[in-house]
Amino acid sequence: MTDASKLTGFHHVEFFVSNVLQAAYYYQRVWGFKVQAYQGLETGVRDRASLVLQQGKVRLVLTAPLQPDGEINSFINRHGDGVRNVAFGTDDAAAAYSMALAGGAESVAAPEPRSDEHGSVVIATIRAYDNVLHSFVQSNGYTGPFLPGFGEYSGPDISSGDVGLKIIDHVVHNMPDGRMESQVQFYQDTLGMHRFWTVDDKDIRTEYTSLRSIVVANGNEVVKMPVNEPAEGLKKSQIQEFIDFNIDAGVQHVALLTGDIIATIGQLRANGVDFLEVPDTYYEELADRVGPLDEDMDVLRKLRILVDRDEDGYLLQLFTKPVQGRPTFFFEVIQRKGSRSFGKGNFKALFEAIEQEQARRGNL
Ligand code: FE2
């Protein structure tokens with residue numbers, strides 16, 4: 001397995017948003033993130049303001065424009081608030097970048113050393129597809145709060161408190177019909193990734209709609225990214241609804257890993273997160289489908305947590321509704337108990353729930 005990219009995990013995910021302070025308020029109050037760093041006018045940056053939010057090793061960067069025109073405004077105008085950059089940690093950003101370009105990636109920024117009193121980093125960026133980028137961040141030994149160029153945030157700490165989120169488990173990309181295979185090949189050619197898991201439209205279908213998905217992973221499988229495309233059904237695939245409102249390919253969801261999903265979902269529900277509605281019927285069949293669990297089935301039912309089992313163990317997961325007006329990006333919360341897969345057995349139950357939402361929006 002070639003692993004010249006030497007990826008060490010997801011370093012951060014950057015969102016372009018129209019109002020960085022109000023978006024940060026949501027992540028602090030509802031999701032319990034803390035602001036770690038700031039970049040903007042006070043740090044000498046004139047065209048954008050960014051806040052870095054952290055919980056466990058999950059880092060979200062929110063960036064808003066301070067001027068008309070430019071890449072942030074054109075992104076928001078076309079896609080709405082959404083993910084601009086899925087950044088990977090790496091032991092060698094220059095090598096990762098060279099390998100990506102040799103594999104056919106478009107360069108966005110060549111490897112650039114940056115340093116401040118906390119140390120040095122190297123960052124390089126390629127285009128993933130359409131308006132989504134991947135940065136390679138080599139920051140081993142850097143001791144600052146985020147990256148050089150970012151300073152202290154002077155606002156009050158309004159975090160509602162850690163809800164147990166540890167790391168980014170996976171990031172999911174939605175492609176228009178016919179582009180899944182070529183995007184998977186792109187990740188194989190440019191990042192040295194391999195096919196980790198595949199589901200075809202026979203696995204993920206309901207009476208009405210379906211999708212195809214291939215999961216790619218790096219050599220040590222700390223970076224896992226499902227790539228989806230819509231498949232033909234009697235009615236519109238949820239992936240097609242995403243494409244219709246995102247206009248192009250884009251990041252569909254970021255999955256956040258917790259070590260105690262009952263505590264995490266309980267707190268997030270109390271904080272006001274709007275999760276996908278799981279039908280009662282799901283729990284009638286659950287015990288037969290997944291067998292004995294460590295968790296109390298009544299608690300799982302009350303919190304509407306989903307469960308799936310495979311040959312290695314089981315996983316518990318739940319999905320939010322879209323977190324902006326457009327039916328595009330959402331979050332997943334996941335706990336793994338041995339399982340390394342993605343909840344194939346949940347797809348049918350889940351899709352029926354998603355389709356109820358789609359029908360309410362007049363998009364099914
Ligand atoms: Fe997921």
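**View 1. The two domains of the predicted model.** The protein in this predicted model is divided into domain 1, spanning 7–152, and domain 2, spanning 165–361. Taken over C-alpha atoms, the centres of domain 1 and domain 2 are separated by 24 Å. To the contact between them, domain 1 gives 40 residues and domain 2 gives 44 residues.

**View 2. The area buried between the domains.** Between them, domain 1 and domain 2 bury about 3200 Å², and 67% of this area lies on carbon and sulfur atoms. Of the area that domain 1 buries against domain 2, 23% is supplied by Phe10, Trp31 and Tyr129, which is more than any other three residues supply.

View 3. In a salt bridge of the model, the side chain of arginine 179 meets that of aspartate 130, with 3.2 Å from N to O.

**View 4. The side of domain 1 that touches domain 2.** Both strands and helices give two or more residues to this side of domain 1, including strand E1 (7–16), helix H1 (20–29), strand E4 (58–65), helix H3 (93–102) and strand E7 (119–129). The largest share comes from E1, which contributes 6 residues. By residue class, the side of domain 1 that touches domain 2 divides into 24 nonpolar, 10 polar and 6 charged residues.

Key. Residues are numbered from 1 along each chain as its sequence is written. This is a predicted model: local features need pLDDT of at least 70, side-chain atom pairs count only at pLDDT 80 or more; totals for chains, interfaces and linings use all residues. Side-chain values use heavy atoms; hydrogens and water are left out. Domain bounds come from an automatic or database domain assignment. Contact means heavy atoms within 4.5 Å. Buried area is the accessible area (1.4 Å probe) that two parts lose on being put together, summed over both. A salt bridge is a side-chain nitrogen of Lys or Arg within 4 Å of a carboxyl oxygen of Asp or Glu. Helices (H or I, at least four residues) and strands (E, at least two) are DSSP runs, numbered from the N terminus. Ala, Val, Leu, Ile, Met, Phe, Trp, Tyr, Cys and Pro count as nonpolar, Asp, Glu, Lys and Arg as charged, and the others, Gly among them, as polar.
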